[in-house]
Amino acid sequence: MMENRSATDIFRLLADDTRVDILRAVAVAQYELGQVGSGPAELSFSEIYDHVEVENTSKLSYHLGELTGTYLRKSDDGYSLSHAGERIVRFILSGNYEQPESFGPQPVDGVCVFCGEDALEASLSHQFFRIDCTACGQQVTGQPITPAQVKTRDADTLVQSAKLRSAEDARQIRRGMCPECGAHLSADVVEMPGSPLPDADSFVVTSTCEECLREYNSPLTYSVVYHPASIAFHWDRGVDMTTRGIWEFHEYIYEGRWTSEQTASDPDEYEVVLRHGDDAVRLHLDSTATVVRTERVRRESGVFRSS
Ligand SMILES: [Zn+2]
Ligand SMILES: [Zn+2]
């Protein structure tokens with residue numbers, strides 16, 4: 001076992017061209033070997049020596065020794081990337097430390113959650129993918145985006161990728177997993193009385209990662225959109241929720257078709273109703289925004305009843 005190194009020690013290890021070249025060479029060689037189904041290849045000392053410009057074998061031996069334990073793993077069969085090595089080398093290869101190319105403004109489907117106008121535009125701002133309403137001037141959504149995500153796509157497929165990323169993240173967050181680091185998330189529901197959102201949705205779910213300190217916020221209604229009960233309910237009505245972007249849900253809130261309310265306190269319980277025509281799916285949530293029960297309901301004489 002290696003002793004725990006400090007963050008400065010870990011980054012100091014990379015302040016050396018040869019070591020960065022070694023990590024890159026391991027990733028490239030693993031890729032070229034391309035062993036399908038058998039996991040990443042382990043590279044021998046001589047295979048790495050063939051791929052890296054280094055004066056002699058003792059220099060290589062020294063650098064490998066420095067990287068092993070943090071960025072490389074060593075077994076009887078050779079060297080492979082550790083978790084940290086994977087993260088760093090993918091980060092370097094993808095160029096995600098570069099400035100993303102510019103993008104937009106690009107008109108996108110959906111309506112503004114604040115004014116209801118169909119006037120949304122996507123653009124990049126400070127490396128964030130954001131959507132603004134050109135009618136009322138407010139920002140309606142924003143999410144992180146990577147430079148590689150921008151570099152490898154045209155405008156339309158970039159917007160698609162932003163939808164996909166937000167849907168995938170939301171799914172993990174709802175199940176209590178941090179999309180950034182994989183740690184457990186703890187969630188709380190908070191009421192936002194002064195929220196600029198319409199009255200229909202004044203509750204926000206705050207999920208916090210105590211490991212990497214990322215915080216994720218979502219209106220309570222949106223937090224259940226990718227629950228299987230919601231996906232199935234909408235799928236039965238010709239709507240594939242899994243391909244929708246967050247901003248495409250705004251019209252449901254704006255029109256009051258999606259609502260949330262608190263139904264009990266100590267312990268707190270909540271109810272979210274997602275309506276579609278005369279049908280609705282009702283989801284009951286506990287104080288940590290976990291869905292505990294779902295039912296489909298139908299409007300009869302103006303009132304929704306279990307169907
Ligand atoms: Zn607006
Ligand atoms: Zn995390």
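Which residues have the most contacts inside the largest nonpolar core? They are Phe 129, Leu 220, Phe 249, Trp 258 and Leu 285, in a core of 44 residues. The model is predicted, so local features need pLDDT of at least 70 and side-chain atom pairs pLDDT 80 or more, while totals for chains, interfaces and linings use all residues. Residues are numbered from 1 along each chain as its sequence is written, and side-chain values use heavy atoms, without hydrogens and water.

A nonpolar core is a set of buried Ala, Val, Leu, Ile, Met, Phe, Trp, Tyr and Cys residues joined through side-chain atoms within 4.5 Å; buried means under 20% relative accessible area (1.4 Å probe, protein chains only). A second, separate core has 23 residues, including Val 26 and Tyr 71.

Beyond its neighbours within four places in sequence, Leu 285 is in contact (heavy atoms within 4.5 Å) with residues including Leu 220, Tyr 270 and Val 292.

Five strands form an open sheet in the order β10-β11-β12-β13-β14, with antiparallel pairing; two strands pair if DSSP finds at least two bridges between them. Helices (H or I, at least four residues) and strands (E, at least two) are DSSP runs numbered from the N terminus.

| Element | Residues |
|---|---|
| Strand β10 | residues 258-264 |
| Strand β13 | residues 291-300 |
| Strand β14 | residues 303-306 |

Strands β10 and β14 each have a single partner, so one side of each lacks a neighbour in the sheet. Four bridges join β13 to β14, and Val 297 stands opposite Ser 306 in β14.

Note on methods
Chains lettered and ligands numbered in written order. Buried < 20%, exposed > 50% of the residue type's maximum accessible area, 1.4 Å probe, protein only.
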